[in-house]
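Hello,

Here is the structure we spoke about, for you to look over. My notes follow below it.

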Amino acid sequence: MAIELEQALTAVKNAVAEMNMSLEADKQISDDLDAVLFGDGSPLDSIGLVNVVMAVEAHVADGTGEDMVLASEAAMSRKRSPYRSLRALAEYAVEVSGENDAAA
Amino acid sequence: MSDAKTIAITGTRKGIGLFLAETFLERGWTVVGCSRGASDLDHRSYSHFELDVSDERAVVKMMQQVRRDHGGLDALLNNAGIASMNHALLTPGSTMERVFQTNVFGTFLFCREAAKLMGRKKFGRIVNFATVATPLKLEGEAVYAASKAAVVSLTEVLAREVAEMGITVNAVGPTPVPTDLVGAVPEEKMTALIARQAINRYGTMEDVLNVCDFFLDERSDFVTGQTIYLGGV
(Lines give C-alpha, C1' and ligand atoms only; values in the text may rest on other atoms or scores of the structure.)
Protein backbone atom coordinates (compact mmCIF):
# COMPACT_ATOMS: atom_id res chain seq x y z
CA MET A 1 0.00 0.00 0.00
CA ALA A 2 1.28 3.46 -0.89
CA ILE A 3 2.62 5.53 1.97
CA GLU A 4 0.75 8.58 3.34
CA LEU A 5 2.07 12.13 3.13
CA GLU A 6 2.28 12.33 6.93
CA GLN A 7 4.55 9.28 6.98
CA ALA A 8 6.75 10.80 4.30
CA LEU A 9 6.94 14.14 6.13
CA THR A 10 7.95 12.34 9.32
CA ALA A 11 10.66 10.45 7.45
CA VAL A 12 11.96 13.66 5.91
CA LYS A 13 12.07 15.45 9.28
CA ASN A 14 13.80 12.50 10.94
CA ALA A 15 16.35 12.37 8.15
CA VAL A 16 17.14 16.07 8.57
CA ALA A 17 17.39 15.71 12.34
CA GLU A 18 19.80 12.79 11.92
CA MET A 19 21.94 14.71 9.45
CA ASN A 20 22.05 17.86 11.55
CA MET A 21 23.55 15.90 14.41
CA SER A 22 26.78 15.59 12.44
CA LEU A 23 26.76 18.99 10.73
CA GLU A 24 28.45 22.12 12.02
CA ALA A 25 26.28 25.05 13.15
CA ASP A 26 26.66 27.01 9.92
CA LYS A 27 25.89 23.94 7.80
CA GLN A 28 22.65 22.94 9.51
CA ILE A 29 19.74 22.07 7.25
CA SER A 30 16.55 23.95 7.99
CA ASP A 31 13.65 21.76 9.05
CA ASP A 32 11.22 24.30 7.57
CA LEU A 33 9.30 22.15 5.11
CA ASP A 34 9.06 24.95 2.56
CA ALA A 35 12.59 26.35 2.78
CA VAL A 36 14.83 25.89 -0.23
CA LEU A 37 16.50 22.52 0.19
CA PHE A 38 18.69 22.51 -2.89
CA GLY A 39 19.32 25.55 -5.02
CA ASP A 40 19.89 29.27 -4.44
CA GLY A 41 20.03 30.08 -0.74
CA SER A 42 20.57 26.50 0.41
CA PRO A 43 23.66 25.46 2.38
CA LEU A 44 23.61 22.08 0.59
CA ASP A 45 26.05 21.20 -2.14
CA SER A 46 25.37 18.21 -4.39
CA ILE A 47 27.03 15.74 -2.02
CA GLY A 48 24.97 17.20 0.83
CA LEU A 49 21.83 16.67 -1.22
CA VAL A 50 22.85 13.07 -1.96
CA ASN A 51 23.26 12.52 1.77
CA VAL A 52 19.81 13.98 2.51
CA VAL A 53 18.14 11.84 -0.14
CA MET A 54 19.94 8.73 1.10
CA ALA A 55 18.87 9.45 4.66
CA VAL A 56 15.25 10.02 3.60
CA GLU A 57 15.20 6.72 1.69
CA ALA A 58 16.48 4.94 4.78
CA HIS A 59 13.96 6.62 7.09
CA VAL A 60 11.06 5.89 4.74
CA ALA A 61 12.18 2.25 4.63
CA ASP A 62 12.47 2.03 8.41
CA GLY A 63 9.25 3.90 9.10
CA THR A 64 7.00 2.28 6.53
CA GLY A 65 8.80 -0.87 5.36
CA GLU A 66 8.83 0.44 1.81
CA ASP A 67 12.14 0.37 -0.04
CA MET A 68 12.26 3.14 -2.58
CA VAL A 69 14.62 5.13 -4.78
CA LEU A 70 14.17 8.88 -4.75
CA ALA A 71 16.27 9.45 -7.86
CA SER A 72 14.78 11.84 -10.37
CA GLU A 73 15.49 13.04 -13.90
CA ALA A 74 14.05 16.42 -12.86
CA ALA A 75 16.73 16.90 -10.18
CA MET A 76 18.13 20.08 -11.69
CA SER A 77 14.80 21.69 -12.59
CA ARG A 78 14.09 24.73 -10.42
CA LYS A 79 10.32 24.34 -10.73
CA ARG A 80 9.87 20.59 -10.88
CA SER A 81 12.79 19.28 -8.88
CA PRO A 82 11.61 17.02 -6.08
CA TYR A 83 14.64 18.28 -4.15
CA ARG A 84 13.56 21.94 -4.10
CA SER A 85 12.14 21.66 -0.56
CA LEU A 86 11.55 19.07 2.13
CA ARG A 87 7.81 19.15 1.40
CA ALA A 88 8.46 18.52 -2.32
CA LEU A 89 10.71 15.61 -1.38
CA ALA A 90 8.03 14.12 0.89
CA GLU A 91 5.40 14.53 -1.85
CA TYR A 92 7.77 12.87 -4.28
CA ALA A 93 8.20 9.92 -1.89
CA VAL A 94 4.42 9.51 -1.84
CA GLU A 95 4.35 9.67 -5.65
CA VAL A 96 7.12 7.06 -6.00
CA SER A 97 5.38 4.86 -3.47
CA GLY A 98 2.16 5.05 -5.51
CA GLU A 99 4.06 4.07 -8.67
CA ASN A 100 5.73 1.16 -6.86
CA ASP A 101 2.32 0.11 -5.58
CA ALA A 102 0.80 0.19 -9.06
CA ALA A 103 3.72 -1.79 -10.50
CA ALA A 104 3.55 -4.49 -7.81
CA MET B 1 24.89 -7.32 13.92
CA SER B 2 28.60 -8.11 14.38
CA ASP B 3 31.82 -6.12 14.04
CA ALA B 4 32.84 -8.19 11.02
CA LYS B 5 33.29 -6.31 7.79
CA THR B 6 30.49 -6.75 5.30
CA ILE B 7 31.07 -7.32 1.61
CA ALA B 8 28.51 -7.70 -1.15
CA ILE B 9 29.49 -9.88 -4.09
CA THR B 10 27.29 -10.31 -7.14
CA GLY B 11 27.13 -13.54 -9.10
CA THR B 12 28.10 -15.83 -6.24
CA ARG B 13 26.41 -19.02 -7.38
CA LYS B 14 29.47 -20.27 -9.27
CA GLY B 15 32.83 -19.40 -10.81
CA ILE B 16 34.86 -16.45 -9.60
CA GLY B 17 31.97 -15.05 -7.56
CA LEU B 18 31.68 -18.26 -5.55
CA PHE B 19 35.43 -18.40 -5.06
CA LEU B 20 35.50 -14.80 -3.83
CA ALA B 21 32.57 -15.39 -1.47
CA GLU B 22 34.24 -18.48 0.03
CA THR B 23 37.53 -16.63 0.42
CA PHE B 24 36.04 -13.67 2.27
CA LEU B 25 34.00 -15.99 4.49
CA GLU B 26 37.21 -17.84 5.41
CA ARG B 27 38.74 -14.49 6.31
CA GLY B 28 35.90 -13.77 8.72
CA TRP B 29 33.93 -11.29 6.63
CA THR B 30 30.17 -11.22 6.47
CA VAL B 31 29.29 -11.91 2.85
CA VAL B 32 26.08 -10.99 1.08
CA GLY B 33 25.73 -12.61 -2.31
CA CYS B 34 23.25 -12.82 -5.11
CA SER B 35 22.54 -14.63 -8.33
CA ARG B 36 19.53 -15.49 -10.44
CA GLY B 37 19.38 -18.95 -8.91
CA ALA B 38 19.64 -20.43 -5.44
CA SER B 39 23.07 -20.90 -3.88
CA ASP B 40 24.60 -24.05 -2.39
CA LEU B 41 26.89 -21.95 -0.23
CA ASP B 42 25.97 -22.70 3.34
CA HIS B 43 27.75 -20.58 5.95
CA ARG B 44 26.47 -18.75 9.01
CA SER B 45 27.99 -15.48 7.78
CA TYR B 46 26.59 -15.78 4.27
CA SER B 47 23.21 -14.64 3.07
CA HIS B 48 21.99 -15.11 -0.45
CA PHE B 49 19.51 -13.14 -2.51
CA GLU B 50 17.96 -14.62 -5.63
CA LEU B 51 17.61 -11.77 -8.07
CA ASP B 52 18.42 -10.42 -11.48
CA VAL B 53 21.06 -7.70 -10.99
CA SER B 54 19.30 -5.49 -13.52
CA ASP B 55 16.03 -5.55 -11.55
CA GLU B 56 16.14 -2.14 -9.90
CA ARG B 57 13.53 -2.83 -7.23
CA ALA B 58 15.12 -6.14 -6.27
CA VAL B 59 18.54 -4.54 -5.93
CA VAL B 60 17.16 -1.70 -3.80
CA LYS B 61 15.35 -4.20 -1.60
CA MET B 62 18.47 -6.31 -1.16
CA MET B 63 20.64 -3.35 -0.18
CA GLN B 64 18.06 -1.98 2.25
CA GLN B 65 18.01 -5.44 3.83
CA VAL B 66 21.80 -5.32 4.08
CA ARG B 67 21.50 -1.97 5.87
CA ARG B 68 18.96 -3.40 8.32
CA ASP B 69 20.87 -6.64 8.95
CA HIS B 70 24.43 -5.36 8.98
CA GLY B 71 24.17 -1.61 9.53
CA GLY B 72 26.05 -0.78 6.34
CA LEU B 73 28.41 -2.09 3.74
CA ASP B 74 32.20 -1.94 3.54
CA ALA B 75 32.85 -3.32 0.08
CA LEU B 76 31.21 -4.40 -3.14
CA LEU B 77 32.59 -6.73 -5.80
CA ASN B 78 30.48 -6.30 -8.92
CA ASN B 79 31.38 -9.68 -10.35
CA ALA B 80 28.11 -10.77 -12.02
CA GLY B 81 28.44 -10.76 -15.77
CA ILE B 82 27.50 -12.55 -18.93
CA ALA B 83 29.44 -12.90 -22.16
CA SER B 84 28.51 -13.25 -25.78
CA MET B 85 30.76 -14.69 -28.46
CA ASN B 86 29.47 -14.11 -31.95
CA HIS B 87 30.21 -12.10 -35.08
CA ALA B 88 28.58 -8.68 -34.68
CA LEU B 89 26.62 -9.16 -37.90
CA LEU B 90 25.10 -12.34 -36.52
CA THR B 91 24.27 -10.95 -33.10
CA PRO B 92 20.59 -10.32 -32.36
CA GLY B 93 19.61 -7.06 -30.72
CA SER B 94 18.12 -9.05 -27.87
CA THR B 95 21.62 -10.37 -27.04
CA MET B 96 22.96 -6.86 -26.78
CA GLU B 97 20.06 -5.94 -24.53
CA ARG B 98 20.63 -8.96 -22.28
CA VAL B 99 24.38 -8.43 -21.99
CA PHE B 100 24.02 -4.70 -21.26
CA GLN B 101 21.23 -5.36 -18.76
CA THR B 102 23.47 -7.57 -16.64
CA ASN B 103 26.91 -6.08 -17.22
CA VAL B 104 26.11 -2.36 -17.33
CA PHE B 105 22.72 -1.81 -15.71
CA GLY B 106 23.43 -4.35 -12.99
CA THR B 107 26.82 -2.83 -12.22
CA PHE B 108 25.32 0.67 -12.13
CA LEU B 109 22.45 -0.28 -9.82
CA PHE B 110 24.71 -2.07 -7.35
CA CYS B 111 27.23 0.80 -7.39
CA ARG B 112 24.47 3.30 -6.72
CA GLU B 113 22.80 1.41 -3.89
CA ALA B 114 26.10 0.31 -2.32
CA ALA B 115 27.47 3.85 -2.41
CA LYS B 116 24.40 5.03 -0.50
CA LEU B 117 25.18 2.63 2.33
CA MET B 118 28.91 3.35 2.23
CA GLY B 119 28.37 7.11 2.11
CA ARG B 120 26.65 7.04 5.48
CA LYS B 121 29.87 5.69 7.03
CA LYS B 122 32.17 7.79 4.85
CA PHE B 123 34.01 4.68 3.78
CA GLY B 124 33.64 2.17 1.01
CA ARG B 125 35.42 0.12 -1.59
CA ILE B 126 33.81 -0.79 -4.91
CA VAL B 127 35.48 -3.08 -7.43
CA ASN B 128 33.86 -3.49 -10.81
CA PHE B 129 34.69 -6.18 -13.32
CA ALA B 130 36.08 -5.23 -16.72
CA THR B 131 37.75 -7.54 -19.25
CA VAL B 132 40.85 -7.69 -21.40
CA ALA B 133 38.48 -8.14 -24.36
CA THR B 134 38.00 -4.36 -24.35
CA PRO B 135 41.64 -3.18 -24.75
CA LEU B 136 42.43 -6.19 -26.97
CA LYS B 137 39.47 -5.28 -29.20
CA LEU B 138 38.66 -8.94 -29.60
CA GLU B 139 36.83 -9.93 -32.74
CA GLY B 140 33.65 -11.81 -31.94
CA GLU B 141 33.18 -10.03 -28.65
CA ALA B 142 31.88 -6.65 -29.80
CA VAL B 143 28.88 -6.66 -27.50
CA TYR B 144 30.70 -8.05 -24.47
CA ALA B 145 33.71 -5.74 -24.93
CA ALA B 146 31.44 -2.71 -25.41
CA SER B 147 29.46 -3.51 -22.28
CA LYS B 148 32.66 -3.75 -20.25
CA ALA B 149 33.97 -0.53 -21.83
CA ALA B 150 30.85 1.07 -20.38
CA VAL B 151 31.73 -0.44 -17.00
CA VAL B 152 35.20 1.13 -17.19
CA SER B 153 33.71 4.51 -18.05
CA LEU B 154 31.18 4.19 -15.27
CA THR B 155 33.99 3.32 -12.86
CA GLU B 156 36.02 6.38 -13.85
CA VAL B 157 33.18 8.90 -13.53
CA LEU B 158 31.63 7.36 -10.44
CA ALA B 159 35.04 7.42 -8.74
CA ARG B 160 35.02 11.20 -9.00
CA GLU B 161 31.42 11.54 -7.90
CA VAL B 162 31.81 9.55 -4.69
CA ALA B 163 35.40 10.38 -3.78
CA GLU B 164 34.23 13.00 -1.30
CA MET B 165 32.18 10.30 0.44
CA GLY B 166 35.29 8.25 1.22
CA ILE B 167 34.46 5.66 -1.41
CA THR B 168 36.89 4.36 -4.01
CA VAL B 169 35.70 2.79 -7.26
CA ASN B 170 38.10 0.73 -9.33
CA ALA B 171 37.96 -2.12 -11.80
CA VAL B 172 39.82 -5.34 -12.41
CA GLY B 173 40.13 -6.60 -15.96
CA PRO B 174 40.66 -10.34 -15.88
CA THR B 175 42.14 -12.38 -18.69
CA PRO B 176 40.25 -15.57 -19.49
CA VAL B 177 39.91 -17.68 -16.37
CA PRO B 178 38.69 -21.23 -16.96
CA THR B 179 35.03 -20.83 -15.87
CA ASP B 180 31.66 -21.39 -17.49
CA LEU B 181 31.92 -17.92 -19.00
CA VAL B 182 34.71 -18.98 -21.37
CA GLY B 183 33.78 -22.64 -21.53
CA ALA B 184 31.82 -22.25 -24.75
CA VAL B 185 34.64 -20.50 -26.61
CA PRO B 186 36.66 -22.71 -29.01
CA GLU B 187 40.11 -23.70 -27.72
CA GLU B 188 41.99 -22.12 -30.65
CA LYS B 189 40.29 -18.78 -29.99
CA MET B 190 41.41 -18.89 -26.38
CA THR B 191 44.98 -19.83 -27.36
CA ALA B 192 45.14 -16.92 -29.81
CA LEU B 193 43.79 -14.56 -27.16
CA ILE B 194 46.29 -15.67 -24.54
CA ALA B 195 49.10 -15.22 -27.07
CA ARG B 196 48.29 -11.50 -27.13
CA GLN B 197 48.95 -11.15 -23.41
CA ALA B 198 52.43 -10.24 -22.17
CA ILE B 199 52.26 -13.31 -19.93
CA ASN B 200 50.89 -16.23 -21.91
CA ARG B 201 48.73 -18.24 -19.57
CA TYR B 202 45.16 -18.45 -18.38
CA GLY B 203 44.37 -16.27 -15.42
CA THR B 204 43.46 -17.85 -12.12
CA MET B 205 40.87 -16.87 -9.58
CA GLU B 206 43.73 -16.00 -7.22
CA ASP B 207 45.00 -13.47 -9.78
CA VAL B 208 41.63 -11.74 -9.70
CA LEU B 209 41.49 -11.91 -5.90
CA ASN B 210 44.94 -10.35 -5.66
CA VAL B 211 43.83 -7.22 -7.52
CA CYS B 212 40.60 -7.05 -5.51
CA ASP B 213 42.65 -7.26 -2.31
CA PHE B 214 44.81 -4.35 -3.45
CA PHE B 215 41.76 -2.18 -4.17
CA LEU B 216 40.01 -3.22 -0.94
CA ASP B 217 43.03 -2.50 1.25
CA GLU B 218 42.44 0.44 3.59
CA ARG B 219 45.84 1.77 2.50
CA SER B 220 44.51 2.06 -1.07
CA ASP B 221 42.43 5.11 -0.17
CA PHE B 222 44.38 7.21 -2.73
CA VAL B 223 43.65 4.77 -5.57
CA THR B 224 40.40 5.33 -7.43
CA GLY B 225 39.00 5.38 -10.96
CA GLN B 226 41.61 2.85 -12.09
CA THR B 227 41.33 -0.32 -14.11
CA ILE B 228 44.01 -2.96 -13.69
CA TYR B 229 44.19 -5.46 -16.53
CA LEU B 230 45.78 -8.79 -15.80
CA GLY B 231 48.28 -10.66 -17.95
CA GLY B 232 50.10 -7.57 -19.16
CA VAL B 233 47.41 -6.43 -21.57
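**Confidence**

This is a predicted model. Chain B has an average pLDDT of 94, and 97% of its residues score at least 70. For the complex, the predictor reports an ipTM of 0.85 and a pTM of 0.92.

**Contact between the chains**

Chain A contributes eight residues to the contact and chain B contributes 10 residues. On the side of chain A that touches chain B, six residues are nonpolar, one is polar and one is charged.

**Helix α8 of chain B**

Helix α8 of chain B covers residues 205-216. Its 12 residues, at 1.5 Å a residue, should span 16 Å, and the C-alpha atoms at its ends are 16 Å apart, so the two values agree. Which residues of α8(B) are buried? They are B:V208, B:C212, B:F215 and B:L216. Viewed down the axis of α8(B), these buried residues fall within an arc of 95°, and therefore line one face of the helix. The elements of chain B that cover them include α1 (15-26), β4 (75-78), β5 (124-129) and β6 (167-173).

**B:D69**

B:D69 is part of helix α2 of chain B, which runs over residues 56-70. Is B:D69 buried or exposed? B:D69 counts as exposed because it has 12 C-beta neighbours inside 10 Å, and the cut-off for exposed is 12 or fewer. Between B:D69 and B:R27 the separation is 42 residues in sequence and 20 Å in space, taken from C-alpha to C-alpha.

Regards

Key:
Residues are numbered from 1 along each chain as its sequence is written. Chains are lettered from A and ligands numbered from 1 in the order in which they are written. This is a predicted model: local features need pLDDT of at least 70, side-chain atom pairs count only at pLDDT 80 or more; totals for chains, interfaces and linings use all residues. pLDDT is the predictor's confidence in each residue, from 0 to 100. Two residues are in contact if their C-beta atoms, placed from the backbone, lie within 7 Å. Ala, Val, Leu, Ile, Met, Phe, Trp, Tyr, Cys and Pro count as nonpolar, Asp, Glu, Lys and Arg as charged, and the others, Gly among them, as polar. Helices (H or I, at least four residues) and strands (E, at least two) are DSSP runs, numbered from the N terminus. A residue is buried if 20 or more other C-beta atoms lie within 10 Å of its own, exposed if 12 or fewer, and partly exposed in between; C-beta atoms are placed from the backbone. The expected span of a helix is 1.5 Å times one less than its number of residues. The arc is that of the directions from the helix axis to the C-beta atoms.
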